[in-house]
Amino acid sequence: MKPLILIGGGGHCQSVIEVAESTGRAVQGILDIPEEVGKDVLGYPIIGTDDQIVNYIDTCEFLITVGFIKDPALRMKLFNRVCEAGGTLATLIASTAYVSRHAFLGKGTVVMHHAFVNAGARIGENVIINTFCNIEHGACIGDQCHISTGTMVNGDCKIGNDCFIGSQSVLANGVCICNDTVVGAGSLVRKNIIRPGIYSGNPAILKIKK
Ligand SMILES: CC(C)(COP(=O)(O)OP(=O)(O)OC[C@H]1O[C@@H](n2cnc3c(N)ncnc32)[C@H](O)[C@@H]1OP(=O)(O)O)[C@@H](O)C(=O)NCCC(=O)NCCS
């Protein structure tokens, strides 16, 4: 298996390194902004900037290791840069995570430690299924979503593209959430969300329009 190039050397990068190491997947290095080149993250060198993606497309696979809360734009931009350069996005599952063989994961998606993805779940591209998440049977998650630590996405939920679901939130069975939605940490979503915005609380209500 080809070694990984990680794009983005911040906190989420550290967590992804932990996942990669747990699977035995080699990390060749990290691409970041010019000021960071020459430094390292957990002992892995920052070897260049994202202008150098093209240098690694034959020998490595890529993962976007920029996290996000309210705005997935940078994560999306870097993902598109890899695709446009002809690079391959890896899909990574932590050694302690469980993904049903009846589930589907898109390219560039990472399932972090102790997460569970049940049968019939479909997860899009460039998604973060963070530590201790539970994605239940038949749930669908769009592209570029971040399902944050300890979140419970119950059976048959549908989450659109570019959504962030905050830590330890609960989505009731079958709830649908539209594109560009942010759900604050610890929220309970019991009804469909049909307009983009920031929703929080129990029950989750609109706090900030997008
Ligand atoms: C939702 C979130 C992004 C909003 O941040 P923000 O845009 O800075 O908004 P504010 O903190 O100003 O909050 C706006 C309103 O929502 C409320 N609110 C925000 N987060 C809330 C939450 N988790 N539960 C209940 N209410 C919340 C605030 O009290 C405020 O209400 P008010 O207008 O009635 O006073 C942030 O609160 C949050 O939950 N971040 C996610 C943290 C997380 O899960 N991190 C994991 C990373 S892996």
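How many bridges join strand β1 to β5? Four bridges join β1 (residues 4-7) to β5, and the two strands run parallel. Strands here are DSSP runs (E, at least two residues), and helices are runs of H or I with at least four residues, both numbered from the N terminus.

## Basis of the model

This is a predicted model: local features need pLDDT of at least 70, side-chain atom pairs count only at pLDDT 80 or more, and totals for chains, interfaces and linings use all residues. Residues are numbered from 1 along each chain as its sequence is written, and side-chain values use heavy atoms, with hydrogens and water left out.

## The mixed sheet

Strands β1 and β5 belong to an open sheet of five strands. Its order is β3-β4-β2-β1-β5, and the pairing is mixed. Two strands pair if DSSP finds at least two bridges between them. At the edges stand β3 (40-41) and β5 (61-64). Each has a single partner strand, so one side of each is left without a neighbour in the sheet.

## The parallel sheet

A further open sheet has five strands in the order β8-β11-β14-β17-β20. Its pairing is parallel. The edge strands are β8 (104-105) and β20 (176-177), and each pairs on one side only.

Strand β14 (residues 140-141) is joined to β17 (residues 158-159) by two bridges. Ile141 has Ile159 of β17 as its bridge partner.

Val19 sits in helix α1 (residues 11-23). Which side of the cut-off does Val19 fall on, buried or exposed? Val19 counts as buried, because its relative accessibility is 0%. Buried means under 20% relative accessible area, exposed over 50%, and partly exposed in between (1.4 Å probe, protein chains only). Beyond neighbours within four places in sequence, Val19 is in contact (heavy atoms within 4.5 Å) with Leu92, Ile93, Ala94, Val110, Val111, Met112 and His113. Ile53 is 34 residues from Val19 in sequence, and their C-alpha atoms are 22 Å apart.

Thr151 lies in the loop between β15 (146-147) and β16 (152-153). Thr151 is also buried, at 1% relative accessible area. Residues up to four places away in sequence aside, Thr151 touches Phe132, Cys133, Asn134, Ile165, Gly166, Ser167, Gln168 and Ser169. Gly138 is in the loop between β13 (134-135) and β14. Gly138 and Gly174 are 36 residues apart along the chain, with 9.1 Å between their C-alpha atoms.

## The ligand site

There are 15 residues around the ligand. Lys70, Ser148, Ser167, Ala185 and Ser200 come nearest. The shell divides into five nonpolar, eight polar and two charged residues. Nonpolar covers Ala, Val, Leu, Ile, Met, Phe, Trp, Tyr, Cys and Pro; charged covers Asp, Glu, Lys and Arg; the others, Gly among them, count as polar.

A polar side-chain atom of Lys70 lies 2.6 Å from a ligand oxygen atom. Ala185 places a backbone N or O atom 2.6 Å from a ligand nitrogen atom. For Ser200, a polar side-chain atom lies 3.5 Å from a ligand nitrogen atom. The protein covers 51% of the 920 Å² of accessible area (Shrake-Rupley method, 1.4 Å probe) that the ligand has on its own. Strands β23 (197-200) and β24 (205-209) are the elements that give two or more residues to the shell.

Key:
Near = heavy atom within 4 Å. Polar contact = N/O pair within 3.5 Å; in protein donor to acceptor, adjacent residues only side chain to side chain.
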